[in-house]
Amino acid sequence: MTEETRLSLMEEVVKMLKTVFDPEMPVDVYSLGLIYNIDIDDDGNVHIDMTLTAPNCPAADFIFEDIRIKVEGIEGIKSCNVQLVFEPEWDIRMMTDEARLELGMM
């Protein structure tokens, strides 16, 4: 896979992540700062490290499945693995300014 192709796929993955919402929040997981790492290997497999706003989030399975389905729907992507991580611990400073504004935190 060329670097240009990888960058193009990365842009598409980010676009898809911006369509995934926690059902309890009106802001997407990417803007919330929940996505810590996105890696695309030469075969088109995507590995995403992400966290949650709370360790016991009842919507976790829904969110992970939504990410997997949407990312695997991108042409050129073979598979998507979402890994839940808790380091570093998430806090509101990881959110975009737009997300904080949407949630009334600015």
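Two strands count as paired when DSSP finds at least two bridges between them. Helices (H or I, at least four residues) and strands (E, at least two) are DSSP runs, numbered from the N terminus. The model shown here is predicted: local features need pLDDT of at least 70, side-chain atom pairs count only at pLDDT 80 or more, and totals for chains, interfaces and linings use all residues. Residues are numbered from 1 along each chain as its sequence is written, and side-chain values use heavy atoms, with hydrogens and water left out.

**View 1. Three strands make an open sheet in the order β1-β2-β3.** The pairing in this sheet is mixed. Because β1 and β3 stand at the edges with a single partner strand each, one side of each is left without a neighbour in the sheet. From one strand to the next, the twist averages 15 degrees; for this and the other angles here, axes are lines fitted to C-alpha atoms, for helices over the stretch in contact, and angles run from 0 to 180 degrees between N-to-C directions. Helix α1 (residues 3-17) packs on the sheet and touches β1 and β2, where contact means heavy atoms within 4.5 Å. The direction of α1 makes about 140 degrees with that of β1. As a reminder for looking at any such view, side chains in a regular strand alternate between the two faces of the sheet.

**View 2. Strands β1 and β2 form a hairpin.** β1 (residues 35-40) pairs with β2 in the antiparallel sense, over five bridges. Two places to look for are Ile-40, which stands opposite Val-46 in β2, and Asp-39, whose bridge partner in β2 is His-47. Four residues lie between the strands of this hairpin, and Gly-44 takes a positive phi near 90 degrees.

**View 3. β2 and β3 run parallel, with helix α2 as part of the unit they make.** Six bridges join β2 to β3 (residues 79-84) in the parallel sense. You can follow the pairing from Asn-45, opposite Ser-79 in β3, to Met-50, opposite Leu-84 in β3. β2, α2 and β3 make a right-handed β-α-β unit; right-handed means that, with the strands pointing away from the viewer, the path from the first strand over the helix to the second runs clockwise. α2 lies across β2 and β3, running at about 155 degrees to β3. Five of the six residues of β2 are buried, so this strand is largely enclosed by the rest of the structure. Buried means under 20% relative accessible area, exposed over 50%, and partly exposed in between (1.4 Å probe, protein chains only).

**View 4. Thr-51 sits in the loop between β2 (45-50) and α2 (60-72).** With a relative accessibility of 1%, Thr-51 counts as buried. A polar atom of its side chain lies 2.8 Å from the backbone oxygen of Val-85. Not counting residues up to four places away in sequence, Thr-51 touches Leu-34, Tyr-36, Leu-84, Val-85, Phe-86 and Trp-90.

**View 5. Phe-64 belongs to helix α2.** Its relative accessibility is 17%, so Phe-64 counts as buried. Leaving aside neighbours within four places in sequence, Phe-64 is in contact with Met-50, Leu-52, Val-82 and Leu-84. Asp-42 is 22 residues from Phe-64 along the chain, and their C-alpha atoms are separated by 23 Å.

**View 6. Met-16 is found in helix α1.** Met-16 counts as partly exposed, because its relative accessibility is 28%. Once its neighbours within four places in sequence are set aside, Met-16 is in contact with Lys-70 and Ile-74. Tyr-30 is 14 residues from Met-16 in sequence, and the two are 9.3 Å apart in space, C-alpha to C-alpha.

View 7. The structure holds zero disulfides, a disulfide being a pair of cysteine sulfur atoms within 2.5 Å. Cys-57 is buried, with a relative accessible area of 12%, and Cys-80 is buried with a relative accessible area of 7%.

Methods:
Polar contact = N/O pair within 3.5 Å; in protein donor to acceptor, adjacent residues only side chain to side chain.
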